[in-house]
Amino acid sequence: MMEQTAKNILDSKQNDVIVEISHLKKTFGSNEVLKDINIKINKGENLVVLGKSGSGKSVLIKCLVGLINPDEGKMIALEKNISELKIDELNSIRKKIGFLFQSGALYDSMTVRENLLFPLRDLKEISKEEKIKLVEEALKNVGLEDTIDKMPSELSGGMRKRLGLARTLILKPEIMLYDEPTTGLDPITSKEISELILEVQKKYNTSSIIITHDMACAKITANRMIVLKEGVIDAEGTFDELEKSEDKWIRSFFE
Amino acid sequence: MNSTVTQLSAKINKAKDALGKLPSKMENQYNVFQIFFVNVANFSIFTGRFFKEMIKPPYEFNELMKQSYLIGYKSLSLVGITGFIMGLVLTIQSRPTLAEFGAESWLPAMISVSIVREIGPVITALICAGKVGSGIGAELASMKVTEQIDAMEVSGTNPFKYVIVTRVLSTTLMLPVLTVFNDVISMFGSFAGVNIKGDVSFHLYFAQAFAQLSFTDVIPSIIKTIFFGLAIGLIACYKGYNSNKGTEGVGEAANSSVVLASLMVFIVDIVAVQITSLFIN
């Protein structure tokens, strides 16, 4: 039986551009983090972004959800120019873009159930019973049904990441942004999270940007990869192409 | 001769050093002023945004109720114990002085006026600045560090409305309630203090205490606690929400929330007393 990979999943999808970033620039003080970034992501595609710490990978995805305002450039997601949206329009687009934070970013003062109910609180068209059903389903998808009444502090690192993913997926987003999803996890849990990302791509047909340093995660999840260096895209290709790159610096990520 | 030249050159070098340090000292002072004014401007913008978001629907009633419970109900025991001890101590300390003038019978009236007009509101506000202010400052700074505020924002929720508006409104609404509670408990403390060295009936004590109290004592003191609560909530939320130094920033936000909120309580108090005296005296 053929092993499931991101490439196999993508082969069956159409090639509609769902995210288009052009000439993106961002400077913090005198530090020019992003100089001229141009990226296109097709529907159902997983794009892995590699780069040294501080190379602006997280800034890139934070710009895409409007957490950071870029200095210049255009970011089109789901046919809307993100930087030109008013806050109400931006909020409705944000509901279609899932963001998994490095730490999981679970609300400490809420139980697992309340954490998952939080993104649904504004949806008046869904009844309370339906919301609870959605919560149970989301927990089942990540294998955490037994934790529903626990507090986030009672969960392990891997469980917090999976719960963060469940909270993000509860709104069934069309685009997923993962900020170092496997950082700080053991190899087994990292593989579980990577496979979950792949499962999400398959089940919900999401397009994703995955920021990672974990090459095992990149190998499982990437359809395409880009490498950021000094604020620009230094290289682009599939996992295999970049692994065999003639550039020693790029190859050093794979060693 | 040589030693004189050496002394002179040493003096010249010292003067040169002092001159060299002068611009950097001035620069530091300039930076301190600049930081101060930038903070004042940012705080004003923050306050303006609070009022704007407070008026604009949707309203977060459930979170407001939760925060009011946490800020108000959870502070009752601390405010109550402090109030009782305050009334008791104030009575014990004042009694000998009044006794010297043969004015012991004025004790309930004097204590009730001082508690209701000044000590009750200020002590309650200081307790809240310490307990609630540090709690809010640390909680928000920690939410910022762990990206919980960002997570709210990307899920399409307005974190300012959900986190800031509800907390500031809760402190504003709960402080008057806590002050009234503190005043009542303080009176009981004072009643206990009076009865340590005497035998005054409950009815007589409270009749005398309330005889000297009028609405012009009670209403302005309650109104000023609304501003105390607003100041505590705004400062604590501002410090927590704008914390950006990682885990170090959490402690700093909690600490500066308490210090600034306590200071602001006294500033608001002096302004309130001046305004009250304009209309009442």
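What share of the 281 residues in chain B is buried? I looked this up before anything else. Buried residues make up 41% of chain B; buried means under 20% relative accessible area, exposed over 50%, and partly exposed in between, with a 1.4 Å probe and protein chains only.

Ground rules, for the record. The model is predicted, so I take local features only at pLDDT of at least 70 and side-chain atom pairs only at pLDDT 80 or more, while totals for chains, interfaces and linings use all residues. Residues are numbered from 1 along each chain as its sequence is written, chains are lettered from A and ligands numbered from 1 in the order in which they are written, and side-chain values use heavy atoms, with hydrogens and water left out.

Entry: chain B overall. I find nine helices and zero strands; helices (H or I, at least four residues) and strands (E, at least two) are DSSP runs, numbered from the N terminus. The radius of gyration of chain B is 26 Å, whereas a compact globule of 281 residues would have one near 19 Å. That radius is taken over C-alpha atoms, and the globule rule is 2.2 Å times the number of residues to the power 0.38. I read spans of about 90 × 70 × 35 Å for the C-alpha trace along its principal axes. Of the contacts in chain B between residues at least 6 apart in sequence, 84% join residues at least 24 apart; contact means heavy atoms within 4.5 Å.

Entry: a cis bond. I looked at Pro57(B) and Pro58(B), which are joined by a cis peptide bond with omega of about 0 degrees. Pro58(B) sits in the loop between helix 1 (2-55) and helix 2 (61-71) of chain B.

Entry: the interface. I see 14 residues of chain B in contact with 21 residues of chain A. The two chains bury about 1,600 Å² between them, 49% of it on carbon and sulfur atoms; this is the accessible area (1.4 Å probe) that two parts lose on being put together, summed over both. In chain B, Glu147(B), Gln148(B) and Val154(B) lose the most area to chain A, together 35% of what that side buries.

The rule finds three salt bridges across the interface, each a side-chain nitrogen of Lys or Arg within 4 Å of a carboxyl oxygen of Asp or Glu. I noted the salt bridge between the side chains of Glu60(B) and Arg121(A), at 2.3 Å, N to O. Helix 5 (residues 148-154) of chain B gives the largest share of the side that touches chain A, six residues.

Entry: Gln102(A). I place this residue in the loop between strand 6 (97-100) and helix 4 (112-117) of chain A. Gln102(A) touches Lys161(A), Asp179(A), Glu180(A), Thr183(A) and Glu147(B), not counting residues up to four places away in sequence. With a relative accessible area of 33%, Gln102(A) is partly exposed.

Entry: positive phi in chain A. Glu79(A) has a positive phi of about 70 degrees although it is not a glycine. I find Glu79(A) in the loop between strand 4 (72-77) and strand 5 (80-81), exposed at a relative accessible area of 79%. Lys172(A), also not a glycine, has a positive phi near 50 degrees. Lys172(A) lies in the loop between helix 6 (157-169) and strand 7 (175-179) and is partly exposed at 43% relative accessibility.
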